[in-house]
Amino acid sequence: MNTFDQLIDLDGNGRAIYGDSPFRVLKDLTLSASNTTVNPPIFTLTGSVMLTRLWGVVTTDVGSNHTAAHWRLNDQTAQIALTLATGTTLSSIKSGSVIVKKGLVGAALTKIDIVAGAVSEPTTLETIFFSPIVLVKKTAAVTQIEYVYTTTQTPTTGVIRFYASYYPLSDDGALEAV
């Protein structure tokens, strides 16, 4: 007769972890910049987390000239790219479209546009779709995930609902919507 032990992963607070992302946070961001580059914070980091998924769903059509869109970590001294800093053009993207952090830090965020049917999959067989990354808060500094974009509209328009799924790695590891 075979005997099996059960292995249960625990987060930094001793709670059982089920699935690949036990915690999720979301933030609606109304786009309103005028003829500039902006970096609105969307999530505040405490402690250390493994960010397993980062994505956004357009809930209101985005205005024209919405370029260089990317995510970064800002610790109030250094700005660290989470996706390629030259970004992706999201001009006039329609409600229902999706943007995701699919690749490594050197890769641009991926746009999955609702204008035509679309399929997006991992670049390598039998790998995960999202690209996980470990984030650590800077000591004694507010550390945030920001959505950065450039517009020449006065002002731009649109709303994106951002989601982040993560594992806490430290006792205080968490993401909170700004």
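1. K94 and D61 form a salt bridge, their closest N and O atoms lying 3.7 Å apart, where a salt bridge is taken as a side-chain nitrogen of Lys or Arg within 4 Å of a carboxyl oxygen of Asp or Glu. K94 sits in the loop between β6 (79-81) and β7 (98-100) and D61 in the loop between β4 (48-60) and β5 (66-74), so the pair ties together parts that are 33 residues apart in sequence. K94 is partly exposed at 37% relative accessible area, and D61 is likewise partly exposed at 35%; here buried means under 20% relative accessible area, exposed over 50%, and partly exposed in between (1.4 Å probe, protein chains only).

2. On provenance, this is a predicted model, in which local features need pLDDT of at least 70 and side-chain atom pairs count only at pLDDT 80 or more, whereas totals for chains, interfaces and linings use all residues. Residues are numbered from 1 along each chain as its sequence is written, and side-chain values use heavy atoms, with hydrogens and water left out.

3. How many salt bridges does the rule give? The count comes to three, and another of them joins E146 to R72, with an N to O distance of 2.6 Å. Since E146 belongs to strand β10 and R72 to strand β5, the pair ties together parts that are 74 residues apart in sequence. E146 is buried, with a relative accessible area of 3%, and R72 is buried too, at 18%.

4. R161 forms a salt bridge with D28, the closest N and O atoms being 2.6 Å apart. This pair links distant parts of the chain, with R161 in strand β11 (residues 159-168) and D28 in strand β1 (residues 23-30), 133 residues apart. Both ends are partly exposed, R161 at 29% and D28 at 36%.

5. Strand β3 (residues 41-46) runs antiparallel to strand β10 (residues 143-151), joined to it by four bridges, and pairs with strand β12 (residues 174-177), also antiparallel, over four bridges; pairing requires that DSSP find at least two bridges between the strands. Strands are DSSP runs of E with at least two residues, numbered from the N terminus. L45 has T143 as its bridge partner in β10 and stands opposite L175 in β12.
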